[in-house]
Amino acid sequence: MSWIVTNLWLIPAAPLAASLIILSLANSRRSAAAGLAIIGQIAALALSILAFLPTLQAPGYRSVHNFTWFTFGEQTLRIGWMIDPLAAAMLFMITLVSLCIFIFSIGYMAGDKNFNRFFAYLSFFSAAMLGVVIADSLLLLFICWELVGLASYLLIGFWIDRPSAAAAAKKAFITTRIGDLGFFLGILWLYGGSGTLLFYDGGNGCLEKAGLLALGASATFVALLIFCGAVGKSGQFPLHVWLPDAMEGPTPVSALIHAATMVAAGVFLVARVYPLFSFGAVDGVTPSLTVVVLIGTITALMASLIALGQFDIKRILAYSTVSQLGLMMVSLGVGGVAAGMMHLIAHGFFKALLFLGAGSVIHGCHHEQDIRKMGGLRRLMPISFLTYAIGMMTLSGVPFFFSGGWTKEEILHATVHWHVSHIPHYLMLAGVVLTALYMTRQMIYIFFGNRRAASENAHESPPVMTLPLIALAICSIALSVVLTPAWPWLHGYLTGEPAHFDIALLVQPMLFVSLALVAVGIGLGFVMYGKAGREDRHRTAETDPLEHVQPALFHFLENKMWLDEIYDRTVVAWSRMAARISDWMDRHFWDGLVRGFGGLGQLFGIFSANFDERGINVGVDETMTGTRGLGRVMSAWHSGQIQTYLGIIAVGMLALLILYAWLA
Amino acid sequence: MSDSLDQIFVRGKQMLLSLLAGAPDWVIQLGSSLINIFALLGVFLTLFALMSVLERKILGRIQNRYGPNRVGPFGLFQPVADGIKMLIKEDIVPVRADKVVHFLAPIMIAATAILALGVIPYGRNMTPFAIDGGILFFFAVGSTTELAVFMAGWGSNNKFSMLGAMRAIAQMISYELPLIITTFPVVMVVGALSPDAIVAAQGGYVLGAVPHWFVTTPWGAAAFILFFISGLVESNRTPFDVPEGESEIVAGHMTEYSGFKYATFFMAEYFGMFAISGLAVTLFLGGWHAPIAGLQFIPSYVWFFAKLSALLFVYIWLRGTLPRTRVDQIMNFAWKFMLPMAFTCIVAAAVWHYQRRGLAAWLWSLAVIVVVYGALSRLIDTRKKFATRTYRFAE
Amino acid sequence: MSTAAFIVIAILTLAPALAAASLPKLIHAALSFALAFVGIAAFFFLLGAEFVGLVQIFVYIGAVAVLIVFTILLTRRDAATPDKFNWGGVVIAIAVFGGLIWAIFLTPGLSIAPPQIEALTVKRIGEVLMTDYVWPLQCVGLVLTAALIGALILVMEEKP
Amino acid sequence: MTPTLTLFLTISAALFSIGLLAALSRRHAIFILIGIEMMLAAANLNFVAFWRFSPQPQPPIGVMVAIFSIAIAAAEAAVGLALVIAIYRHYRTTNVDQLDQLQG
């Protein structure tokens, strides 16, 4: 048990402390605020590396540190933190990515008047997420989980003066709450079943033999309930609606939410409590996992389709995030935990890269987000272009050089070997194509073709913004070293099997398949949108090529498959109606009832009033006058003059004295 | 020989008492106390006269002028002249004054001052009234001065008098605490409240040169300085003479007094001075002990009065040197500096005692005092920080 | 202890006490109160408890009397007006006095001569205070501190 | 002939009644305080007298009680006078028969 394990709490504590100090700073101390935030993040990064080291020594290393939080009755509530390859990798990724984002946002938020508040929230956000990662107790995890939600709420609604931002914040908060409700129920059920919320507790944690056996068949439902939480957080199909709207927040925030912290939390949660899902699995298939696969598939496909019909640069990325998360969910569901996590980590890097790139583009185009108004930025912002291209290729899964490719392949592998059906596999393949397609579309719109309204006088961003881009780009390329099937170090690290080097494995059928798919996607993209780029510069709102071909489909996609509208028509409308009904009930039915009773009461009151007047009052009055007289007599004694009292005391003493002397 | 010279006054008293041998012993008691009282009065009235003229002369020297030098040789008869003047002056009592109080105030103040002198050992076996709780008696009597001052202030029904009395009482009360607390270390170390015991405890020498006076220990030195300052305040001397600051309130609580009553106040002030200095000598400067073993043949009372007059000279010197302080400054000084330092002296004395009074103990208690002193002077540095003045010219 | 001294002290105590109780002017009353307490201190001396006597003078003349005159000063407005005297109190007081005297003379074995005891030195008192009575001493210290703070808070100018 | 305990008790009784007189028959709050102080002093006198006339008490309990009660009396005086001043600030008087807010 090394020092770092017992003091793991320091990792989230560092950014938290930073944020608290920043909040207490004066609004003018901008540099101090930024410096503090970054120092806190660097400290967290250093500590995470420190925590990373012990996990290398043995495959499947895991050490936990539990302690009693408080005791109620004979129940003791124990919480704790743990470090294992999963957590360590996540820690490393989160801290590194957040560091880049922090640095980036110095440049991006430079003009904002609530600079300090922003950094405080950012630090708080990453602190909460780190807490989620190190938690060894479902309770602690849930607490940090909710803190993440709170932080996201604060940050999405950062520009509170924008009604849309406020609305988006509310939407995010409430939508995730719906999921968290399920999550909470799951926690309760789990506690009821296994009697502990610790994941690993020397053999009797809820994820270990004893706990699972204690849970028995109900594990499935618990798993599903917990999955609700994951669905809410990482924007899976029914509850994904908040994620695109979360684009209202500042771009670094979107980057943080989509790459490092928030959405990762859901996937991480599923991976963390995977034993619950896989409990009692017949060759790796359980009902709960099947549900996960289902949801994931739907999400992935739907999101990548919608992404095709969007014009807001950030929304496209958002939908791509959703689809990628779906992909991860699928891979988790089909049993490729390692694959899913690897993709999550890789995704963390390249999605951060993409978002920051988008941020830099937006910054360059004076906060214009419509890709139709951009174009030809290739020459104006070369660094952004290059890094963005790298990110795009990573995302669309170009093999060999880009981490995304390898992880996607892993996932596809996993889906192939799923016994239930191969539909997910094929759908995933389609998803890959779509991903490549919409990314290409975006690239062309933004960077190729000739300039348009917004990109007239665009400029490259300052180094403080471009350096993080470069760093992230390098990361997302370099990561592929440990991902190749030739030397699947990360895979081995996560699963706990030793990874051995074998160049022969580098070449496999799946590689070519995905290569082909990606090629198809990108090619298709160029074919479809190639000329769209070279539209006349003065026409801003031009029709999308797809719109030419399939107006109906395009509108369907553009309006996000009318999901929001559907929700409005259904869920929201229903609740409104329910409210209206109960209101009506209240006004008319209950009110009438109450009035009726009131009338009865009044009648009775009149009777009793008369009775009072005639009967009781007189008697009472008599008594009262008598009492008052008595009171007057009494209060005469109560002169309120100390000296009188003193004199009386003296007389009393005298009396006692005489009495005593007499008796003696 | 030297012994007989030392005890000459004791012998004389015994001789006088032997005159009324065979009388009932309360008569003898009465006689001895009367003798003591007259001795005291004689000595200190003389000292007062001498002091008053010497003060004026020394002040004169300090201010680079002759003092009184007309009446008698070197103007030594000046006090006589003053006395006569004071006696034949008209005694004015304001109409609105509270006659009784106005009349009683000077008597009371003088009486207390003289009483305080009664417990100080002036020489070997030369303590007029050897009370077991002598120090306590001293302060008990001394504390009644405040009442007397108040009587003076209230009695003469004059706002200057009242203000003066208020100031006097305020600063007396404030400085009574340090004054008394600085005696605690001595009392604790000696383990007795009687001046004789304290003086006895300071007998003896380190290798015949360094006397065992308490002023030679760090806490003793600190306590002595604090005690001396408080003494200055208690006897309303410069630089703490705001109660009778002529420039502000005519003459404080003595404004409405004239003639002999004024003289009484004057005398009381000097007697208070003598008493405080005498107590300082007793407590810290080894009472009537000789500074060097070799000089013990000189009679003890000589030593005592030598030390006393040295202190008195310092009084005069300060008066000639220092300007008058402000009331709020005095108060701040009392509560923020004197009091904590006095407590520190107690601690230091305890350290000194429990380190078995060796050299190490000496250094330890020195360390305590120095540390606290440093800390205090850091903390209560209330000097106004003025911004550097910039001159702007008309442009 | 001699009867002469006793008589003198008794007069010196009771006369100022009566004055304190009956003088019309508050300041005079306060001053004669101080005088009466000197007399009581003298009684303590007579009884061979010098320490108590000195403490008595120290506390009452040095502190309490000064406090009282200060209070008189601060409440000058109606301290100036000599206040009326109610005779009911006198009656009660005299009655109480009679009762006490009666009780005293009723009790047998009180008219005894003082036994010879060795003087009660300050050292002795100190030892007793520090050994048997150390807890009461601490408590008194606490009480005094509390009283000091309380008095300060009471007389603080309340800020509007 | 030396004074007996009876005489001391008589004196203290007289002192007590004088204090009571002051406390009862004067209207000024300060007088009441003075009277109370006197009564306390009388009690002290009793204590010390009893100590003196009892054969060799070990330890000197009477004296101790006297000392403590003097200390307490000092505290009481301080607080009492503070109260007087506070009352004066409120009601502009220290005349106790105008201070009858507690009158029934």
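The model is predicted, and its local features need pLDDT of at least 70, side-chain atom pairs count only at pLDDT 80 or more, and totals for chains, interfaces and linings use all residues. Residues are numbered from 1 along each chain as its sequence is written, while chains are lettered from A and ligands numbered from 1 in the order in which they are written.

Reader: Why are α4(A) and α5(A) called roughly antiparallel?
Author: Helix α4 (residues 85-108) and helix α5 (residues 115-134) of chain A pack at an angle of about 175°, with axes 10 Å apart. Angles over 145 degrees count as roughly antiparallel, so α4(A) and α5(A) are given that term.

Reader: Which residues of α4(A) and α5(A) meet?
Author: A contact needs C-beta atoms, placed from the backbone, within 7 Å. Among the residues that meet are M90(A) and F102(A) in α4(A), and L122(A) and M129(A) in α5(A). The residues of this contact divide into ten nonpolar, three polar and no charged.

Reader: What makes V347(B) partly exposed?
Author: A residue is buried with 20 or more other C-beta atoms within 10 Å of its own, exposed with 12 or fewer, and partly exposed in between. V347(B) has 15 such neighbours, and therefore counts as partly exposed. V347(B) is in helix α13 (residues 327-354) of chain B.

Reader: How many residues does each chain bring to the contact of chain C with chain B?
Author: Chain C gives 17 residues and chain B gives 20. On the side of chain C, the largest share, ten residues, comes from α3(C).

Key. Axes fitted to C-alpha atoms, helices over the stretch in contact; angles between N-to-C directions. Helix = DSSP H or I, 4+ residues; strand = E, 2+ residues; numbered from the N terminus. Parallel < 35°, antiparallel > 145°, perpendicular 65-115°, else oblique. Contact = placed C-beta atoms within 7 Å. Nonpolar A, V, L, I, M, F, W, Y, C, P; charged D, E, K, R; others polar.
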